[in-house]
Amino acid sequence: IDDADVTELRSTHWGGRMPLARIVSDMIIEYAHHLAEIGTMRDLRRGHALPQAPPVELDAPRWWREID
């Protein structure tokens, strides 16, 4: 595979056509999503899951926080 092949449209199993780079990146994202689901189920089973996520402090710009 060379650089030109990565942008070439390829057939997908659902009948569409996408660039090879997009197909591969979508597969990686889907794999990571399933790993996160498995981790969540494992934590729930072990009793390690938090009932609510802790609040996250964002270091947002001042213009973002000010709502007029």
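What follows is a short chat about a predicted model.

Reader: Where does Met18 sit, and is Met18 buried or exposed?

Author: This is a predicted model, to begin with. Met18 lies in strand β2. Its relative accessibility is 13%, so Met18 counts as buried, the cut-off being under 20%.

Reader: What does Met18 touch, not counting residues up to four places away in sequence?

Author: Met18 touches Glu8, Leu9, Arg10, Thr12, Ile23 and Asp26.

Reader: How far apart are Met18 and Glu8, in sequence and in space?

Author: They are ten residues apart in sequence, and their C-alpha atoms are 7.9 Å apart.

Reader: Is Thr12 buried or exposed?

Author: Thr12 counts as buried, because its relative accessibility is 13% and the cut-off is under 20%.

Reader: And which residues is Thr12 in contact with, leaving aside neighbours within four places in sequence?

Author: Thr12 is in contact with Arg17, Met18 and Ile23.

Reader: Ile23 again. Which residues of α2 are buried?

Author: Leu20, Ile23 and Gly39 are the buried residues of α2. Their cover includes α1 (3-7), β1 and β2.

Reader: How many residues does α2 have, and what is its reach?

Author: α2 has 27 residues and spans 39 Å from its first C-alpha to its last. That is close to the 39 Å expected at 1.5 Å a residue.

Reader: What comes just after α2?

Author: Gly47, which takes a positive phi of about 80°.

Reader: New topic. How many salt bridges?

Author: The count comes to three.

Reader: Which residue forms a salt bridge with Asp26?

Author: Arg22 does, with the closest N and O atoms 3.1 Å apart. Asp26 and Arg22 are four residues apart in helix α2, so about one helical turn separates them.

Reader: How accessible are Asp26 and Arg22?

Author: Asp26 is partly exposed, with a relative accessible area of 29%. Arg22 is also partly exposed, at 46%. Asp26 is one of the residues that Met18 touches, too.

Reader: Which residue forms a salt bridge with Glu8?

Author: Glu8 pairs with Arg10, and the closest N and O atoms are 3.9 Å apart. Glu8 has a relative accessible area of 39%, so Glu8 is partly exposed. Arg10 counts as partly exposed at 30% relative accessibility. Met18 touches both Glu8 and Arg10.

Reader: And Asp43, which residue does that form a salt bridge with?

Author: Asp43 forms a salt bridge with Arg42, the closest N and O atoms being 3.4 Å apart. Asp43 is partly exposed at 26% relative accessibility, and Arg42 is partly exposed at 40%.

Reader: Switching to the surface. Which residues make the nonpolar patch?

Author: Tyr31, Leu35, Ile38 and Met41 make a nonpolar surface patch of about 460 Å².

Reader: Where is Leu35 found?

Author: Leu35 is in helix α2, which runs over residues 20-46.

Reader: Why does Leu35 count as partly exposed?

Author: Its relative accessible area is 44%.

Key:
Residues numbered from 1 in each chain as written. Predicted model: local features only at pLDDT ≥ 70, side-chain atom pairs only at ≥ 80, totals over all residues. Heavy atoms only, no water. Buried < 20%, exposed > 50% of the residue type's maximum accessible area, 1.4 Å probe, protein only. Contact = heavy atoms within 4.5 Å. Patch = residues over 30% accessible without salt bridge, like charges linked within 9 Å, V, L, I, M, F, W, Y side chains within 5 Å. Areas by Shrake-Rupley, 256 points an atom, 1.4 Å probe, with all protein chains shown as cover. Salt bridge = Lys/Arg side-chain N within 4 Å of Asp/Glu carboxyl O. Helix = DSSP H or I, 4+ residues; strand = E, 2+ residues; numbered from the N terminus. Expected span 1.5 Å × (residues − 1).
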